[in-house]
Amino acid sequence: MLKTVLITGGAGFIGSHVVREFVLKYPQYQIINLDALTYAGNLENLKDIQDSPNYTFIKADITDAVHIRTIFEQYKPDGVIHLAAESHVDRSISNPLEFVMTNVIGTVNLLNAAKEIWETNYEGKRFHHISTDEVYGTLGESGLFTEDTSYDPHSPYSASKASSDHFVRAYYDTYELPIVLTNCSNNYGPNHFPEKLIPLCIHNIIHKKPLPIYGDGKYTRDWLYVIDHAKAIDLVFHKGKVGDSYNVGGFNEWKNIDLVKELCKQMDEKLGRQSGESAQLITFVKDRPGHDLRYAIDATKINKELGYVPSVTFEEGLSKTIDWFLENEDWLNNVTSGDYQSYYKKQYRDS
Ligand code: NAD
Ligand code: DAU
């Protein structure tokens with residue numbers, strides 16, 4: 001029986017939804033949220049549950065092995081759900097080493113702490129590593145990523161995530177550490193940091209600023225509502241087979257240009273603007289180096305073995321997401337002030 005679950009990166013986009021899901025659904029668990037509060041971490045994401053009796057926040061950096069070991073000794077977690085990471089591909093192109101430090105070294109520090117604290121007594125213990133479909137590289141016009149697809153990462157971000165996945169599997173093979181992995185497709189939803197395509201475009205549509213589309217806009221991603229990812233993590237953490245990986249997705253592919261047009265359409269309606277007004281903001285800009293053409297997840301295994309199905313359609317999820325951003329303009333204004341402005345200028349200066 002799991003009692004204490006340590007979630008890393010719980011102040012970030014996906015992590016905050018996972019923390020909320022666990023705090024509310026499992027009052028019998030103690031949920032520890034461990035996060036360094038980088039530019040992407042924001043405790044505002046959790047203000048509705050921050051006073052729950054089964055919730056504790058610890059500010060810590062997973063690259064600090066000594067601090068991580070101390071925290072494991074103090075709280076003795078039975079389960080670890082590891083989401084902390086540097087997550088943005090464009091930032092990994094400007095600063096790869098930071099991605100190696102957090103995504104690779106940080107993951108190994110957590111694996112070591114779990115291994116040492118559990119001392120091969122693995123009854124009721126579990127280490128769930130959250131990964132991405134980007135480790136599989138790129139697809140052509142057809143085909144899907146399955147759990148057996150070979151790893152072929154192209155960006156420093158995906159290379160660091162692939163490396164961390166290999167370490168997690170190595171700890172299972174070598175030390176029998178009870179691990180599970182999930183590789184998910186692109187998430188979207190409330191609290192998404194506006195460096196990523198969907199929230200960046202929502203922010204720019206509100207402010208009538210250009211919508212930067214890399215290259216020809218025909219790059220394809222497979223989108224899943226963030227709360228559906230949190231539910232998949234809950235399922236795999238509790239019922240997934242030790243040592244296994246599960247792909248998570250919703251069979252929901254969109255070319256970037258079509259997605260942004262759909263976003264413009266829904267936002268024109270919600271903002272009472274003329275049909276077609278926001279689409280005029282679409283601007284094609286310099287492509288991302290090493291840009292993967294297409295990602296698409298085959299989520300058959302998690303469906304067949306664990307009965308997983310996403311709860312919302314893309315149109316519903318997108319509508320809820322836009323509504324959340326329109327109702328939480330203070331959140332958006334806070335995260336787009338300060339450092340975000342200099343990031344944005346540097347990233348889009350040639351646009
Ligand atoms: P995010 O960037 O929104 O949040 C990352 C969180 O990790 C932040 O709260 C940040 O403060 C924390 N963090 C970063 N470095 C840290 C460190 N050294 N020590 C402790 N905490 C640190 O990321 P996200 O989009 O929520 O992604 C979460 C996880 O899910 C990542 O592992 C990512 O690779 C994976 N993932 C993301 C997506 C997606 O579409 N966003 C899809 C599949 C998988
Ligand atoms: O596939 C899962 C991955 O999805 C996660 O592992 C990553 O953490 C997450 O950031 C996301 O990566 P992407 O690179 O796919 O997401 P992003 O929102 O940055 O870009 C989505 C697509 O939109 C991609 O083809 C690049 C394009 N794009 C992005 C931005 C920020 C643009 O055309 N213009 C932009 O300004």
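Biologist: In this predicted model, which residue follows H5 and has a positive phi?

Modeller: Helix H5 comprises the 20 residues 156–175. Directly after H5, the backbone takes a positive phi, near 60°. The residue with that phi is Glu-176.

Biologist: How far apart are the end C-alpha atoms of helix H5, and what span should its residues give?

Modeller: At 1.5 Å a residue, the 20 residues of H5 should span 28 Å. The expected span is taken over one less than the number of residues. The end C-alpha atoms agree with this value, since their separation is 28 Å.

Biologist: How many of the ten residues of H6 are buried?

Modeller: The buried residues of H6 include Ile-198, Cys-201, His-203 and Ile-206. Helix H6 is therefore largely enclosed by the rest of the structure. After H6 comes Lys-208, with a positive phi near 55°. The buried count for H6 is nine of the ten.

Biologist: Which residues touch the most other members of the largest nonpolar core?

Modeller: The largest nonpolar core has 35 residues. Among the elements that give two or more residues to this core are helix H6 (197–206), strand E8 (211–214) and helix H8 (256–271). The core draws at least three residues from each of domain 1 and domain 2. The members that touch the most others are Ile-202, Leu-211, Val-260 and Leu-263.

Biologist: How many residues does each domain give to the contact between domain 1 and domain 2?

Modeller: The protein chain is divided into domain 1 (4–188 + 223–248) and domain 2 (197–220 + 253–290 + 312–341). Their C-alpha centres lie 27 Å apart. The contact takes 13 residues from domain 1 and 18 residues from domain 2.

Biologist: Why is the pair formed by Phe-22 and Tyr-26 described as tilted?

Modeller: The structure holds 21 aromatic pairs. In this one, the ring centres of Phe-22 and Tyr-26 are 5.3 Å apart. Phe-22 is buried at a relative accessible area of 0%, and Tyr-26 counts as buried at 12%. Planes under 30 degrees apart would count as stacked and over 60 as edge-to-face, so the pair is tilted because its planes stand at 50°.

Biologist: At what angle are the ring planes of Tyr-344 and Tyr-348?

Modeller: Tyr-344 counts as buried at 13% relative accessibility, and Tyr-348 is buried at 10%. Both belong to a cluster linked by ring pairs, which also includes Tyr-39, Phe-193 and Tyr-340. The centres of the two rings are 4.6 Å apart, and the pair is tilted, with planes at 35°.

Biologist: Which residue lies over the face of Tyr-343?

Modeller: Tyr-343 belongs to the aromatic cluster that includes Tyr-344 and Tyr-348. Elsewhere, the charged end of Lys-301 sits over the ring of Tyr-246, 4.5 Å from its centre. For Tyr-343, at 4.1 Å from the ring centre, the residue over the face is Arg-91.

Key
Residues are numbered from 1 along each chain as its sequence is written. Chains are lettered from A and ligands numbered from 1 in the order in which they are written. This is a predicted model: local features need pLDDT of at least 70, side-chain atom pairs count only at pLDDT 80 or more; totals for chains, interfaces and linings use all residues. Side-chain values use heavy atoms; hydrogens and water are left out. A nonpolar core is a set of buried Ala, Val, Leu, Ile, Met, Phe, Trp, Tyr and Cys residues joined through side-chain atoms within 4.5 Å. Buried means under 20% relative accessible area, exposed over 50%, partly exposed in between (1.4 Å probe, protein chains only). Helices (H or I, at least four residues) and strands (E, at least two) are DSSP runs, numbered from the N terminus. Domain bounds come from an automatic or database domain assignment. Rings of Phe, Tyr and Trp (its six-membered ring) pair if their centres lie within 6.5 Å; planes under 30 degrees apart count as stacked, over 60 as edge-to-face and the rest as tilted. A charge sits over a ring if NZ of Lys or CZ of Arg is within 6 Å of the ring centre and within 35 degrees of the ring normal. Contact means heavy atoms within 4.5 Å.
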